[in-house]
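Visitor: I'm new to this. Could you walk me through this structure?

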Amino acid sequence: MKDSGNYQPYSYFQLMEVSLRELLVEKGVVTEAQVADEVEKMRHRTPAIGARVVARAWMDDAFRMKLLESGSRACEDLGIEVGALKLVVVENTPAEHNVVVCTLCSCYPRMLLGIPPEWYKSRNYRSRAVREPRSVLAEFGLRIDDKTKVRVHDSTADMRYLVLPMRPSGTEGWNEERLAAIVTRDCMIGVAVPKLN
Amino acid sequence: MNSGARWPRSKRSVVEPRFKPGDRVKVRKAYPLGHIRTPFYIRGQSGVIERICGSFGNPEELAQQRSGEPKQPLYRVRFVQKEVWPAYQGNPGDVLEVEIFQHWLE
């Protein structure tokens, strides 16, 4: 835990976390080292992993097809561990824009994007993204043309979703690393699209 | 003898899918207590099976520390936004897709 030297009483949830963790360790269910190891692993999961998947799909059509058919298997080809949850990749096209939400809690493709942003877990986003997605996207600065359909994915059970954005024009001849750099976390949730700087 | 002993067990642990992609389904309008992964807003709505996701432990059972078996087929069901929210503004083709377990569909 970060120690800023500024001591304050634990909040309700911090207290719950510490109590539960200490109990699990005391009862021999997990060790302190295993907990620390998992925390460390989570810290290393960032949207850069997802961006690499997107850039590869833009460059390699066979990989793109496999990714859309089975997200989990395609990611394993790149050496990315997806775990028990199944990854569904949804592709943006000129006719269709995809956006992901979890109305029940905060289900999120952590293996590819790391820890979800605060707004993704907010009641505001969770309740409105399914009901008025176009207004929500506009608040992110993304206006979807009326001719383009909006497809909202509510991640309610065992699937996790990643949006495959459209490759912007002007990126012809770019290498994978340069392409990955324009794929932000928000592009892969579907509340933004890649832009050239 | 061995295979005879295995058969009933595997039959018990997974429920066979009753629906296929393209089938029209209705979400049960029920309000039981417990850990339910079917959002309130979609209960009672009609949609179309987009895909079968596979079979997964029933979350309502898992939340009670039971085995979650028999595993339930999980579907992605597609709903038309204008049918779910009558005041919906946008393209009439806008859709909402939700994962729903078979025992919530009829």
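Predicted model: local features only at pLDDT ≥ 70, side-chain atom pairs only at ≥ 80, totals over all residues.

Visitor: Is strand β2 of chain A mostly buried or exposed?

Guide: A residue counts as buried here once 20 or more other C-beta atoms lie within 10 Å of its own. Strand β2 of chain A runs over residues 96-101, and five of its six residues pass that test. So the strand is mostly covered, or in your words, mostly buried.

Visitor: Which residue of β3(A) stands opposite Asn98(A)?

Guide: Start with the strands: β2(A) pairs with β3(A), residues 149-154, in the parallel sense over six bridges. Asn98(A) has its opposite number in β3(A), and that is Arg151(A).

Visitor: Which element gives the most to the side of chain A that touches chain B?

Guide: Between the chains, 17 residues of chain A are in contact with 20 residues of chain B. On the chain A side, six residues come from one strand, the top contributor: β3(A).

Visitor: What strand of chain B does β3(A) pair with?

Guide: The pairing is parallel and has four bridges. One spot to look at is Asp154(A), which stands opposite Val98(B). The partner strand covers residues 95-101 of chain B and is called β4(B).

Notes: Residues numbered from 1 in each chain as written. Chains lettered and ligands numbered in written order. Buried ≥ 20, exposed ≤ 12 C-beta atoms within 10 Å, placed from the backbone. Helix = DSSP H or I, 4+ residues; strand = E, 2+ residues; numbered from the N terminus. Pairing = 2+ DSSP bridges. Contact = placed C-beta atoms within 7 Å.
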